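Student: Hi, could you walk me through this structure? I'd like to start with the sheet and then get to the charged pairs.

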Amino acid sequence: MTGEITQGQPPMPEEPAPEEPVRYEQRGAVALVTLNRPRYRNAQNSAMTYALDAAFARAVNTEDVAVIVLAGAGDHFCAGHDIGTAGRDVDVSFDRQAVLWWDHVGKAGADARYAREMEVYLGMCRRWREIPKPAIAMVQGACIAGGLMLAWVCDLIVAAEDAFFADPVVRMGIPGVEYFAHPWMLGPRFAKEALFTGDRFDAQRAYQLGMVNRVVPRAELASATFALAERIATMPPFGLALAKRAVNQCEDLMGMRPGMDSVFGLHHVAHAHNAEVSGDSLAGLDAHGMKNSGTKNSGTKNSGTKNSGSKAGG
């Protein structure tokens, strides 16, 4: 990771060295955290997850950072969890940060899947949602499945006009991604439509639903996001932390946290069912299979995803 401090209005994040899954940069009172696997549309493997956690911790522990901006290098924010790239690391051990549970490596069946996904997916997202500093997702291009999870843990979302969103994992027989915030982010009716069809929806629709705060031209995405971040950074830090916690607590009192717990169990019933009937917890679908399934099963031009070795729930 790098830690240069630059001045002035920032450009969109450049594509940094490919060996860094996440890049950290401080710009005044704003920490810019950039997902950095543009070749794979920033598909999220475990190495990226733990690098992202370290970057968020660095921002929290840096006193003169007031706001965090989460971005994706290249043309897309994040196309989902890594289920097919050369960097897929599902069987690699990492020092666990989110939950106190045993390592998944070497375990069999549901034991391995449950331990890993409770840590790297549900647990990490919940941990990041509780960061005391405001976080803004700066979204362009694809924000699919696991990418939705990363955007949803942020407090605000600024989207480019070319951004699109989807959770297509029902095609795998799975009822949604692990961080199941759909009813709270989209409302129950549209959450069902998005899940039942797997279709993508654009930034303007996301804005109408209240999921996205602002939609701007792609060329203005960075300047608009940083202008908002810098305005927020002038507010008292403790007041921001308390206001964030207040809204989060109200969401949880509206059922978000226990709802996620219950759906996480359903998610793993689906994985186990797939493994029992097809021999594969993802129902034999990789990223290309997901894309082809979406094209085959829908007649709408906005359906399907353009994943590159990625999906949520891998």
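Tutor: Happy to! Two strands pair if DSSP finds at least two bridges between them, and helices (H or I, at least four residues) and strands (E, at least two) are DSSP runs, numbered from the N terminus. This is a predicted model, where local features need pLDDT of at least 70 and side-chain atom pairs count only at pLDDT 80 or more, while totals for chains, interfaces and linings use all residues. Residues are numbered from 1 along each chain as its sequence is written, and side-chain values use heavy atoms, with hydrogens and water left out.

Student: Good. How many helices and strands does the protein have?

Tutor: There are 10 helices and 9 strands. An open sheet is formed by 6 strands, ordered S1-S2-S3-S4-S6-S9, with mixed pairing.

Student: Which strands stand at the edges?

Tutor: Those are S1 (22-27) and S9; each has a single partner strand, so one side of each is left without a neighbour in the sheet. On average, neighbouring strands of this sheet are turned by 20° against each other, direction ignored. Axes here are lines fitted to C-alpha atoms, for helices over the stretch in contact, and angles run from 0 to 180 degrees between N-to-C directions.

Student: Do S2 and S3 pair in the parallel or antiparallel sense?

Tutor: Parallel, over 6 bridges. Val30, for instance, has Val67 in S3 as its bridge partner.

Student: And which helix lies across S4?

Tutor: H7 does, running at about 175° to S4 (135-139). H7 also lies across S1, S2, S3, S6 and S9.

Student: Let's switch to helix packing. At what angle do the axes of H1 and H2 cross?

Tutor: They cross at roughly 25° and come within 11 Å. H1 and H2 are therefore roughly parallel to each other (angles under 35 degrees count as roughly parallel, over 145 as roughly antiparallel, 65 to 115 as roughly perpendicular and the rest as oblique).

Student: Which residues meet there?

Tutor: On the H1 side, they include Tyr50, Leu52 and Phe56, and on the H2 side Val120, Met124 and Trp128 are among them. Contact means heavy atoms within 4.5 Å.

Student: Now the charges. How many salt bridges are there?

Tutor: A search of the whole structure finds 12, a salt bridge being a side-chain nitrogen of Lys or Arg within 4 Å of a carboxyl oxygen of Asp or Glu. One of them joins Arg37 and Asp82, with the closest N and O atoms 2.9 Å apart.

Student: Are Arg37 and Asp82 buried or exposed?

Tutor: Both are buried, where buried means under 20% relative accessible area, exposed over 50%, and partly exposed in between (1.4 Å probe, protein chains only).

Student: What about Arg218 and Asp162?

Tutor: Those two form a salt bridge as well, with closest N and O atoms 2.3 Å apart. Arg218 lies in the loop between S9 (214-216) and H7 (221-232), and Asp162 in the loop between S6 (156-160) and S7 (164-166), so the pair ties together parts 56 residues apart in sequence. Arg218 is partly exposed at 27% relative accessibility, and Asp162 is partly exposed at 34%.

Student: Which residues are joined into one network?

Tutor: Arg129, Glu130, Arg245, Glu251 and Asp252, through salt bridges that share partners.
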